[in-house]
Amino acid sequence: TLWKAGPMLIIPTYNERENIAVLVARIRKAVGEEPIFFVDDNSPDGTADEIRRIQENDSHIHLMARPGKGGYGSACRDAMKEILRNDLASYVIQSDADLSHPPELLPRMIELLKVCPVVIGSRYVAGGGAKNWSFSRRFLSFGANLYARTLTGVPVHDMTAGFVGYQAAVLRGIDLDHIRSEGYAFLMEMKFSLHRRGTRFCEFPIIFSERESGKSKFSRKILFEGIRFPLKAFVQRFAGRS
């Protein structure tokens, strides 16, 4: 399907069957026929089948079904490359499938993308936050962001934000194949690479909601990658390498 210039949503999925119908309904209510690009990693729970079922009545939904569990970062990369290669959109917005990011704020993000190259839905600017989080989870997340911001030197409050919009022209300016991270580190590496190219960021507040159904994909591997990437970025900054 060829879509006209405008925004396109990228949503990576793995075992998110229960959330898909609600998510699509909320997106449709917020932004009408906004094209949605799902990338599913062969979810055992039949997420791809649920997306196909909704596709039957919604021609603005695209599905990239991948054979194995390639991971979050590669799902976003593959979708971005496909969108850029075929000129499918002038703005690319990545969002999670677990209803943690508010689709109701998509109109705000799209407005900001008209004037700002990269727009971040942020928990850590005035008015932002997270609901249903324990104190330890808040402390860990805030600490991780402070750590990432300090070591990478990127002037963004929410370095691990996954609700991010990009002007397509900005994505064309970086080599997506060089972004190797997979988990939350992918979100940091994207921001770091764009910052190194002098890209301007805008943040606006969102309230992040803890998932209600399905299981978190957080793992020890993702945690260690998240600790390692800012250190690697710190070394790169002072070694003067691009």
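Predicted model: local features only at pLDDT ≥ 70, side-chain atom pairs only at ≥ 80, totals over all residues.
Reader: Which side chain does Arg-17 meet in a salt bridge?

Author: Arg-17 pairs with Glu-50, at 3.9 Å from N to O.

Reader: Is Glu-50 buried or exposed?

Author: Glu-50 is buried, since its relative accessible area is 8%, and the cut-off for burial is under 20%.

Reader: How many salt bridges are there by this rule?

Author: The count comes to 13. One of them joins Asp-49 and Arg-52, at 3.1 Å from N to O. These two are three residues apart in helix H2, so about one helical turn separates them. Asp-49 is partly exposed at 48% relative accessibility, and Arg-52 is partly exposed at 38%.

Reader: And what about Asp-78 and Arg-66?

Author: Their side chains also meet in a salt bridge, at 2.8 Å from N to O. Asp-78 sits in helix H3 (residues 72-85), while Arg-66 sits in the loop between strand E3 (61-65) and H3, so the pair links parts twelve residues apart in sequence. Asp-78 is partly exposed, at 26%, whereas Arg-66 is buried, at 10%.

Reader: Which residues do salt bridges that share partners join into one network?

Author: Arg-17, Glu-50 and Arg-53 are joined in this way.

Reader: Turning to cysteines, how many disulfides are there?

Author: There is one disulfide. Cys-116 and Cys-202 form it, with their sulfur atoms 2.1 Å apart.

Reader: Why is the disulfide right-handed?

Author: The torsion about the S-S bond is about 105°, so the disulfide has that handedness. Cys-116 lies in the loop between helix H4 (106-113) and strand E5 (118-122), and Cys-202 in strand E8 (residues 201-205), so the bond ties together parts 86 residues apart in sequence. Both Cys-116 and Cys-202 are buried.

Reader: Finally, how many residues of H7 are buried?

Author: Ten of its 13 residues are buried, among them Phe-186, Glu-189 and Lys-191. Helix H7 (residues 184-196) reaches 19 Å from its first C-alpha to its last, close to the expected 18 Å. Just after H7, Gly-198 takes a positive phi of about 80°.

Definitions and conventions:
Residues numbered from 1 in each chain as written. Heavy atoms only, no water. Disulfide = S-S within 2.5 Å. Helix = DSSP H or I, 4+ residues; strand = E, 2+ residues; numbered from the N terminus. Buried < 20%, exposed > 50% of the residue type's maximum accessible area, 1.4 Å probe, protein only. Expected span 1.5 Å × (residues − 1). Salt bridge = Lys/Arg side-chain N within 4 Å of Asp/Glu carboxyl O.
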